[in-house]
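Dear colleague,

I am passing on the structure below, and I would be glad if you could look through it before reading my notes. The notes follow directly after it.

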Amino acid sequence: MPVYLCTEVQIVDGRAFMIRKKIALLLALMVLFVYLPDRATYVSVVQAAKGDTFTTEDGIVYQDYGNSTAIITGYVGEADEITIPAAINDYAVTTIGNDAFMNTNLKKIIISEGISKIMNSSFTYMDNLEELILPESMQSIYPDAFTYCKLKTLYVPSKVTDLSFLHSMNSFVHIDISPDNTAYKSIDGVVYTKDMKTLYYYPKYKAGTMRVPYGVTSIAESAFFGAENITGIILPDSVTSIGAGSITLSNANAFVRVPSSVTEIGQYNFSVYNVVFGEKGSVAEEYVKSKGYPFMEDKCGFVDVRESDFYYEPVLWACQTDPQITSGVNDTHFKPLVTCNRAQMVTFLWRCAGCPEPNNNNNPFNDVNENDFFYKATLWAVEKGITAGKTEETFSPYEGCSRGQFVVFVWRMCNKQRPEVEGTDFVDIDPESELGKAVRWTNWRGLTQGIDATHFGPKKDINRAQAVSILFRGRLFVIKDE
C-alpha cells in the first residue's frame with residue numbers, strides 16, 4: 001500500500017517541515033508493522049522493551065532480560081508453594097534476580113528445568129522456606145543468595161561448582177551434592193572436594209561430634225565457622241593444614257582434637273571457650289598457647305577409656321583441668337561405668353566451682369567427718385543451697401546419686417538459668433517442677449540427653465562417665481564464687 005503522508009506537505013519553514021516528517025514516518029512504520037509477517041512478534045517487541053516488568057496470574061513478577069529471555073524479579077502472590085516456570089509468555093526464564101523472593105512467606109519453591117542462575121539475596125529473609133528444589137540446569141548461585149534464609153536442607157545440582165554461597169547461609173543442617181558434580185561431594189550432609197582431600201563446608205546447625213574421615217588433608221577456610229550445634233571436632237592424623245577462620249565455633253562448650261600431623265594453622269582459629277586437645281610440643285599447642293586459649297594433652301592412661309567413647313574428652317578434661325575435678329580410681333582405671341555416689345558428686349561440683357572455702361564450718365551431719373575428702377565440698381554445697389542432706393543429720397555420702405539429683409545440682413550451680421524451651425518430650429518428669437526446669441535447661445544447653453526419646457530416667461543412678469561429661473559440657477555456665 002503506497003504511503004503519501006509526506007508528499008503533499010507544503011514547506012512553510014524548516015522546523016515545521018521536520019516535525020511533520022517525523023510524525024509521518026512514525027505513522028508509516030506503524031502501518032508497515034500491521035502488514036508485515038509475524039505481526040504478533042513485532043507488536044510484542046514494541047510493547048515489551050527490555051526492562052519492562054510484568055506479573056503472572058500466580059503473582060510471579062518478571063522482567064524482559066533481552067534476547068527473548070526473562071528474569072524473575074519478585075513475587076506478590078499469597079500461595080505457600082509455587083513452581084517457577086522455564087517459560088512465560090514466549091520468554092525463556094533464565095535467572096532468579098536480586099531480592100526476588102526476599103521477605104516472602106513461601107514454604108516450597110520448585111525451580112523448573114532450564115533456569116540456570118540465582119543472583120544475590122534471591123532468598124534472603126525467608127523465615128518459612130522449608131524446601132527449595134533446584135533443576136539440573138542450574139549453573140550459578142551467587143554468594144549471598146541465601147543470607148538470613150531459614151532453609152535447612154539443600155540439594156546442589158551437578159553443574160554448580162562454586163559453592164561460596166554456603167558460607168553466607170546460617171541455617172543449613174544438611175547439604176546433598178549431586179553425584180555427577182565434578183568439584184564436590186557430600187557425605188552425611190557435610191561437603192568435601194570431589195577427591196575427599198579437603199573438608200569444604202560443615203552445615204551451621206548440624207549437631208553432634210564431627211569425626212573427620214581419614215584421608216582428608218586440609219580443612220578449608222571458614223569450613224566450621226559459626227557451627228552452633230557441634231559438640232566436638234576430631235581430626236585424623238592425615239590432616240596437615242587448617243584454613244583461616246575454619247574452626248571458630250559458636251558452641252562455647254565444643255572441643256577440638258588436633259593431631260601432631262597438622263603443621264599449618266591459619267589465623268582466627270579456636271577461641272578461649274573451646275578446649276583444644278593435642279600433643280605436647282605440637283604446632284597446635286604452640287598456636288593455642290600463643291593466643292591464651294585452653295590446651296590439654298591428648299593422652300589418656302586409662303585402659304578402660306577409649307578414644308571412641310563419648311566421655312573420652314570429658315575424662316581428659318576432668319583429670320587435667322585446674323583444679324582437677326577427679327582422677328582415676330587407680331593409675332590405669334577410671335571406672336567410667338561405676339555409679340557416682342553423693343560424696344563424689346558434691347566433690348566434683350565443688351572443684352568445678354574452684355574449690356571455694358565454706359563460710360560456715362558448722363557441720364550438721366554425723367556421717368561427714370572433718371578428715372573426709374568431701375568435707376569442705378559438703379559444707380559449701382549445703383551453704384549455697386546446691387544440695388542438702390538426706391535427713392537433717394545425715395548426708396548419706398556413699399549412697400548413689402541419681403540422674404535427676406545431679407542435673408538439679410548442676411542447674412542450681414548455674415544460677416537456675418531459665419530454659420528457653422517450653423515443655424518437654426520426657427513423660428517421666430513434670431516440666432514445671434524444679435527437676436523439670438533443670439532437665440529442660442540442661443537438655444536445651446546440650447549438657448544432657450534422655451535415656452530414650454521420651455524418658456529422662458531421673459531415678460536411675462548416674463555413673464562417673466556421665467557425671468564428668470555433664471560438667472565438661474556445662475563448665476562455662478557454672479557461677480563461681482568470687
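There are zero disulfides in this structure, which, please keep in mind, is a predicted model. In general terms, a disulfide is a covalent bond that joins the sulfur atoms of two cysteines.

What the structure does hold is 15 salt bridges. The general idea is that side chains of opposite charge can pair when their charged atoms come close. One of these bridges joins glutamate 131 to lysine 108, with the closest N and O atoms 3.8 Å apart. Glutamate 131 lies in strand β9 and lysine 108 in strand β7, so this pair ties together parts that are 23 residues apart in sequence. Both residues are partly exposed, with a relative accessible area of 35% for glutamate 131 and 22% for lysine 108.

Strands β7 and β9 also belong to an open sheet of three strands, which has the order β4-β7-β9 and parallel pairing. The edge strands are β4 (81–84) and β9 (131–133), each of which pairs on one side only, and the twist from one strand to the next averages 10°. Between β4 and β7 (residues 108–111), the parallel pairing runs over four bridges, and threonine 83 stands opposite isoleucine 110 in β7.

Elsewhere, aspartate 309 forms a salt bridge with arginine 306, their closest N and O atoms being 3.2 Å apart. Another salt bridge brings together the side chains of glutamate 432 and arginine 440, at 3.5 Å from N to O, and here arginine 440 counts as buried, with 6% relative accessibility. Finally, you will find a network of salt bridges that links Arg257, Asp298, Glu307 and Glu313.

Definitions and conventions
Residues numbered from 1 in each chain as written. Predicted model: local features only at pLDDT ≥ 70, side-chain atom pairs only at ≥ 80, totals over all residues. Heavy atoms only, no water. Pairing = 2+ DSSP bridges. Helix = DSSP H or I, 4+ residues; strand = E, 2+ residues; numbered from the N terminus. Axes fitted to C-alpha atoms, helices over the stretch in contact; angles between N-to-C directions. Disulfide = S-S within 2.5 Å. Salt bridge = Lys/Arg side-chain N within 4 Å of Asp/Glu carboxyl O. Buried < 20%, exposed > 50% of the residue type's maximum accessible area, 1.4 Å probe, protein only.
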